[in-house]
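Please look over the sequence and the model shown here before reading on.

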Amino acid sequence: MPERAIEEYKIAEEPYYLPVDNEIGLFEAAHAAHLPVILKGPTGCGKTRFVEHMAWRLERPLITVACHEDLSSTDLVGRFLIEGEETVWHDGPLTSAVRHGAICYLDEVVEARKDTVVIIHPLTDHRRRLPIEKRGTILEAPSDFMLVVSYNPGYQSILKDLKQSTRQERERHRHQDEGCGQHPSRSESIGECAADEPRHQRRGRVGSDDRRS
Ligand SMILES: Nc1ncnc2c1ncn2[C@@H]1O[C@H](COP(=O)(O)OP(=O)(O)OP(=O)(O)O)[C@@H](O)[C@H]1O
Ligand SMILES: [Mg+2]
């Protein structure tokens with residue numbers, strides 16, 4: 001992606017966002033500490049709006065990828081395409097984001113194919129690097145790069161395959177977890193907590209645990 005094009009991913013106007021708790025401070029702390037963030041909550045709770053607002057606040061371009069079951073690591077990282085007589089490399093959205101120190105937002109990441117998880121793993125721990133296998137290179141993420149993924153516990157495709165009783169049990173936990181009438185939007189580090197961990201233990205942790213893996 002040429003330098004000019006990345007400018008188009010910058011958010012010029014402040015997207016209106018009403019904070020629910022101290023999620024803005026948490027997100028800023030995660031960005032400063034080079035930690036990824038996972039946003040978990042049901043549809044409409046403000047995950048996308050929050051990321052847009054934070055990208056504007058941190059003055060970073062925001063590259064959003066809506067994940068789906070056919071999304072592969074090649075789609076994220078990039079591919080060689082034939083142009084006339086030659087093959088030309090085209091960065092995928094994740095590579096572009098790493099290259100330009102943008103915020104990469106993988107929306108509904110559990111929907112993506114399993115090979116994408118393998119690709120994002122070295123970006124989410126202390127290594128912060130993206131292996132580009134097809135080119136035989138490794139891209140080091142600059143300090144401004146940040147990976148944000150969203151996850152809606154009610155819409156995992158894996159639930160389609162669960163037994164009815166298991167699914168009902170998970171739904172029960174979800175409703176207990178979210179509490180009656182409370183706004184469910186919140187930010188957490190990737191891989192930080194189990195679904196049935198009590199809410200008061202989860203809040204406000206910007207994950208150090210996942211750095212160990
Ligand atoms: N905290 C908030 N401050 C301001 N607006 C909000 C907030 N939360 C939700 N909204 C409003 O709700 C709408 C839906 O929010 P958003 O698209 O961010 O939800 P989402 O969590 O990304 O949903 P989905 O999982 O379907 O993508 C926004 O367009 C915005 O108008
Ligand atoms: Mg959204």
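**Arg 49 and the overall picture**

With 15 C-beta neighbours inside 10 Å, Arg 49 counts as partly exposed, because a residue is called buried if 20 or more other C-beta atoms lie within 10 Å of its own, exposed if 12 or fewer, and partly exposed in between, with the C-beta atoms placed from the backbone. This is a predicted model, in which local features need pLDDT of at least 70 and side-chain atom pairs count only at pLDDT 80 or more, while totals for chains, interfaces and linings use all residues. Residues are numbered from 1 along each chain as its sequence is written, and chains are lettered from A and ligands numbered from 1 in the order in which they are written.

The protein contains 8 helices and 9 strands, where helices (H or I, at least four residues) and strands (E, at least two) are DSSP runs numbered from the N terminus. Of its 213 residues, 32% count as buried.

- Two residues are in contact if their C-beta atoms, placed from the backbone, lie within 7 Å, and among the contacts in the protein with a separation of 6 or more, 71% are between residues 24 or more positions apart.
- Arg 49 has its place in helix H3, and, not counting residues up to four places away in sequence, Arg 49 touches Pro 15 and Tyr 17.
- The C-alpha atoms of Arg 49 and Tyr 16 are separated by 7.8 Å, although these two residues are 33 residues apart along the chain.

**The shell around ligand 1**

- A residue is near a molecule or strand if its C-beta atom, placed from the backbone, lies within 6 Å of it; of the 13 residues around ligand 1, those that come nearest are Thr 43, Gly 46, Lys 47, Thr 48 and Arg 49.
- The shell around ligand 1 divides into 5 nonpolar, 6 polar and 2 charged residues, where Ala, Val, Leu, Ile, Met, Phe, Trp, Tyr, Cys and Pro count as nonpolar, Asp, Glu, Lys and Arg as charged, and the others, Gly among them, as polar.

**Helices with a buried side**

- In helix H6 (residues 114-124), the buried residues are Thr 116, Ile 119, Ile 120, Leu 123 and Thr 124.
- Seen down the axis of H6, these buried residues fall within an arc of 135 degrees, so they line one face of the helix; the arc is that of the directions from the helix axis to the C-beta atoms.
- An α-helix has 3.6 residues a turn, so residues three or four places apart point the same way.
- On the face of H6 turned away from its buried side are the exposed residues Lys 114, Asp 115 and Val 118, whereas the buried residues of H6 pack against helix H4 (73-77), E6 and strand E8 (146-151).
- Helix H2 (23-32) has Glu 23, Leu 26, Phe 27, Ala 30 and His 31 as its buried residues.
- Viewed down the axis of H2, its buried residues also lie within an arc of 135 degrees, so they line one face of the helix.
- Helix H5 (residues 93-100) is mostly covered, since 7 of its 8 residues are buried, among them Pro 93, Leu 94 and His 100.

**The nonpolar core**

- A nonpolar core is a set of buried Ala, Val, Leu, Ile, Met, Phe, Trp, Tyr and Cys residues joined through C-beta atoms within 7 Å; the largest one has 38 residues, and those with the most contacts inside it are Val 51, Ile 103, Cys 104 and Val 148.
- The largest share of this core, 5 residues, comes from E8.
- Leaving aside neighbours within four places in sequence, Ile 103 is in contact with Val 51, Ala 55, Arg 60, Leu 62, Met 146 and Val 148.

**A strand pair**

- Strands E6 (residues 129-132) and E7 (residues 137-140) run antiparallel and are joined by 4 bridges, and two strands pair if DSSP finds at least two bridges between them.
- The bridge partner of Arg 129 in E7 is Glu 140.

**Positive phi values**

- Most residues other than glycine have a negative phi, and most peptide bonds are trans.
- His 34, in the loop between H2 and strand E1 (37-40), has a positive phi near 60 degrees.
- Glu 59, in the loop between helix H3 (47-58) and strand E2 (62-66), has a positive phi near 55 degrees, and with 9 C-beta neighbours inside 10 Å it counts as exposed.
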